[in-house]
Amino acid sequence: MSILDDIETIKTESLKEVSTVDNLESLESLRLRFLGRKDGHISKVLQLLPTLNPDEKKQVGRQANEVKRALEACIEDKKRLLEDASLNQSLSQSALDLTLPDRSAFRGKLHPVTQTMDDIVSVFSRLGFNLAEGPEVETDFNNFTALNHPPDHPARDAHDTFYVKDLRDASGAPFLLRTHTSPVQIRYMKSHQPPLYIVAPGRVFRHEAVDATHSFVFHQVEGLAVDKDISMADLKGMLGLFAQHLFGSKARIRFRPSFFPFVEPGIEVDISCTLCDQKGCRVCKQSGWIEMLGAGLVHPHVLRGVGYNPDQVSGYAFGIGVERVAMFKYGVDDMRLFYENDIRFLKQF
Ligand code: PHE
């Protein structure tokens with residue numbers, strides 16, 4: 001019976017081909033050739049079934065289906081084999097070359113001045129102070145007038161202050177780049193009632209020549225406390241704690257009389273040089289002390305100006321020079337290094 005012979009031939013040929021095929025595309029075309037629904041050799045045989053008598057039909061049908069199943073299984077096995085092989089091959093080709101030198105990526109981090117500012121703020125926030133902010137472009141009123149600067153005060157001189165060209169407020173007064181963070185005191189007091197304890201970090205601007213200890217833009221952290229019966233003792237206690245938190249338990253502070261129009265009395269505060277244990281070094285210029293901030297008790301004029309009653313509340317304020325603290329902390333003796341942003345310098349922090 002020739003149909004059965006044909007089936008046998010299909011079987012031997014197809015199995016032989018499957019065993020020699022060496023890639024997935026050829027295997028697929030082989031599958032279509034033998035098992036394809038319409039044109040495959042097996043389908044062709046099965047299409048003949050209606051023309052056969054019942055006996056042949058049964059025999060041919062059974063035989064053809066057997067070959068079909070055997071071939072399907074065989075192709076499936078081969079497919080898996082070829083897939084494994086191609087996976088292994090691509091794995092071995094794309095394997096890491098461990099002899100290549102690495103290209104380690106630079107990781108960004110905060111600028112040392114920002115780190116220092118964050119450190120200062122975090123010390124005060126642990127001591128119970130809230131965070132406040134104000135704009136860098138300020139009114140003359142907040143920056144000077146409300147802070148008890150008489151109209152002829154030298155700080156108003158155009159040589160110290162950057163005025164914003166062509167920009168004036170409703171009273172005709174010019175806008176300026178704030179010369180200190182103290183105007184945030186005014187903004188905060190106007191919108192809050194005592195008791196209040198705040199720190200306000202930020203950038204400030206002064207029309208100054210750049211040198212090792214001066215810059216036309218630098219950073220301050222302003223502090224303000226207004227409550228009942230606030231005195232110099234509170235200020236001294238708080239700044240002492242601050243110094244110890246930031247520079248270690250050995251740090252001491254000292255007060256020197258000074259003048260700022262918006263505080264009375266006004267002081268400057270030095271911190272003992274913890275780099276040399278006050279024996280004298282390059283950073284403290286052999287003095288054992290580092291000048292770090294201005295402070296004082298809030299002037300009654302300022303309190304009255306924001307609507308507080310100086311007979312009922314009093315306050316202290318301080319302004320910390322962030323660059324100064326950073327220079328001390330890291331033993332940097334030239335402020336300009338902080339602004340040049342030379343990656344070799346910044347990488348050290
Ligand atoms: N604002 C002052 C300055 O920039 C510093 C200061 C702040 C002094 C608060 C007293 C109280 O020089």
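This report covers charged residues in a predicted model.

## Basis

The model is predicted: local features need pLDDT of at least 70, side-chain atom pairs count only at pLDDT 80 or more, and totals for chains, interfaces and linings use all residues. Residues are numbered from 1 along each chain as its sequence is written, and side-chain values use heavy atoms, without hydrogens and water.

## Salt bridges

The whole structure holds 14 salt bridges. Each one is a side-chain nitrogen of Lys or Arg within 4 Å of a carboxyl oxygen of Asp or Glu.

A network of them links Arg254, Arg256, Glu268, Asp270, Glu291 and Arg324. Arginine 256 pairs with glutamate 268, with the closest N and O atoms 4.0 Å apart. This pair links distant parts of the chain: arginine 256 sits in strand E7 (residues 253–258) and glutamate 268 in strand E8 (residues 263–272), 12 residues apart. Strands are DSSP runs (E, at least two residues), numbered from the N terminus. Arginine 256 also meets glutamate 291 in a salt bridge (3.9 Å, N to O). Glutamate 291 lies in strand E9 (residues 289–298), so the pair ties together parts 35 residues apart in sequence.

## Exposure

Buried means under 20% relative accessible area, exposed over 50%, and partly exposed in between (1.4 Å probe, protein chains only). Glutamate 268 is buried at 18%. Arginine 256 is partly exposed at 27%, as is glutamate 291 at 34%.

## A buried glutamate

Glutamate 222 lies in strand E6 (residues 217–227). Glutamate 222 is buried yet has no salt bridge. The nearest side chain of opposite charge, arginine 178, is 8.3 Å away.

Key. Helices (H or I, at least four residues) and strands (E, at least two) are DSSP runs, numbered from the N terminus. Lys and Arg count as positive and Asp and Glu as negative; His and the chain ends are not counted.
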